[in-house]
Amino acid sequence: MKVTEIEVLDTDLSGRDGMQSWRIVLARVHTDEGITGLGEAAMAYGTGAPAVGPMILSLGERFVLGADPFHTDSIWETMLRRSLWAEAGGSVIFAAMSAIETALWDIKGRALGQPVHRLLGSATPAPLRCYASQLDLGWGENGRSLGSAEQYLDVATRVRAAGYDCVKVNPIKSDEEGKRATGRHGLFTPKQRDFIRKRMEAVREGLGSGADIIVELNSMTSTAAALQVAELVQDLGVIFIEEPTHPTSDHAHLKMSRRSPVPLATGERLYTRWGFLPYLEAGAVDMIQPDVCITGGIGEAYRIAHLAHTFDVGVQAHVCGSPLATAIALQFEASIPNFVIHEHHAMALRPANRELFEEELQPTAGKFEVPTKPGFGMTLRREAEAAMSKVSVKLSDK
Ligand code: MG
């Protein structure tokens, strides 16, 4: 089998259903045997998605057209070594490599009639525990960023009633009106600390007992301010603080981990084994959160998970993309020995995002069934595809 065409499918859903900035970029790889695979670049949020499509085409044209799609590791290593820039890191190039590599795994699964986790040697696990992620963005079909402590109480109560026994919430991102807060990098004032505490008490009250909390800081805080938050929330049943400090500073993370009364999680903006190793070696992280669709793809995420396993560190795949990204994360998490919990993001509830694919991937009572259809088992909806812009490189044009 050989790769004959690599297509980029791109759709900008920004402004729909409460998604401020949301642009999905997919790679579809075609083969001479008629089997195709779909992969995703994890750049739906933030700024950067427009750059990833051209990168997929550049890498694809040079290193993937004509290759055997079963050779996922060989192709990946070639992209890493021969592109020159990938060895130096960067979100755009690794998102592009991830999109291509995950599409190749989809082809392998479809060709062999097996879900990806079985190709990686794992039995299908019992449904995975998952948490409701980013309650602060609003939980539901038309979310809006939360403001008052009462709103935090309301959303936590609803999510608990829906069966979740773990949630993630950012208590500092928005002000009391729900507008994006600024000036989060210095120390928090006593007034700000009171407000953070009120919001987190409201979340705990809404959840009641028997449920865990992850506090998200999105790297908005300095190390000193993150420590203030850790001290404020330590008695509220918080199991992790996520991205407490600069996302690529293992030094700041180590400093934080030495003094934080709450365990730490990070990794959604790190790439490859080389990116995670300093955190693991320093003992600066308690759970890693690689995103399969930006850290390098299935193969590299699997290697990162096993690297973490040697340091007795657990894994939660970061996932914030289309339903395909959810399917990819589930296959990865089902295949590793140190899985901790699955992230179900607020954006996974928004209709404009859900309706991209025919399959409806949602948990039941806080648990996620791992799909067992071949590959990632996802089918792009015909109407959704018709609204996407498409551009490709073909072997016949080379
Ligand atoms: Mg995060």
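**Notes on the model**

1. The donor residues of the magnesium ion follow the spacing E-x25-E-x25-E in sequence. Glu216 belongs to strand S6 (residues 212-216) and Glu242 to strand S7 (residues 238-242), so this pair ties together parts that are 26 residues apart in sequence. Strands here are DSSP runs of E of at least two residues, helices are runs of H or I of at least four, and both are numbered from the N terminus.

2. This is a predicted model, in which local features need pLDDT of at least 70 and side-chain atom pairs pLDDT 80 or more, while totals for chains, interfaces and linings use all residues. Residues are numbered from 1 along each chain as its sequence is written, and side-chain values use heavy atoms, with hydrogens and water left out.

3. The protein donors are Glu216 (OE), Glu242 (OE) and Glu268 (OE), at 2.0 to 2.1 Å from the magnesium ion. A donor is an N, O or S atom within 2.8 Å of the metal (3.2 Å for Na, K and Ca); water is not among the atoms, so the site may look incomplete. Glu216 and Glu242 are both buried, meaning under 20% relative accessible area with a 1.4 Å probe and protein chains only.

4. His318 sits in the loop between strand S10 (314-315) and helix H12 (323-333). His318 is buried, at a relative accessible area of 5%.

5. Of the 11 residues of H12, 11 are buried, so this helix is largely enclosed by the rest of the structure. The N-terminal end of H12 is capped by Ser322, with a side-chain oxygen 3.0 Å from the backbone nitrogen of Leu324.

6. The largest pocket has a volume of about 1100 Å³. Domain 1 (3-115 + 379-394) and domain 2 (119-368) both contribute to its lining, so the pocket lies between them; the bounds come from an automatic or database domain assignment. Its lining has 40 residues, with Tyr45, Gly46, Leu137, Lys173 and Arg180 nearest the centre. A pocket is an open set of points on a 1 Å grid over the protein atoms alone, with protein on both sides within 12 Å along at least five of seven lines; a cavity is a set where a 1.4 Å probe fits but cannot get out, and lining residues have an atom within 4 Å of a point.

7. The second largest pocket, of about 190 Å³, is lined by 14 residues, of which Glu176, Arg184, Lys191, Gln192 and Phe195 lie nearest its centre.

8. There are three cavities of 30 Å³ or more. The largest cavity has a volume of about 80 Å³. Among its 13 lining residues, Pro323, Ala348, Arg354, Leu361 and Gln362 are the closest to its centre. H12 and helix H13 (351-354) are the elements that give two or more residues to this lining.

9. The second largest cavity holds about 40 Å³ of space. Its lining includes Val319, Cys320, Gly321 and Thr326. Strand S11 (residues 342-345) gives the most to this lining, with three residues.

Definitions and conventions. Buried means under 20% relative accessible area, exposed over 50%, partly exposed in between (1.4 Å probe, protein chains only). Grid points are joined across faces, edges and corners, and a volume is the space filled by probe spheres set on the points. A polar contact is a pair of N or O atoms within 3.5 Å; within protein, one must be able to donate a hydrogen and the other to accept it, and residues adjacent in sequence count only if both atoms are side-chain atoms.
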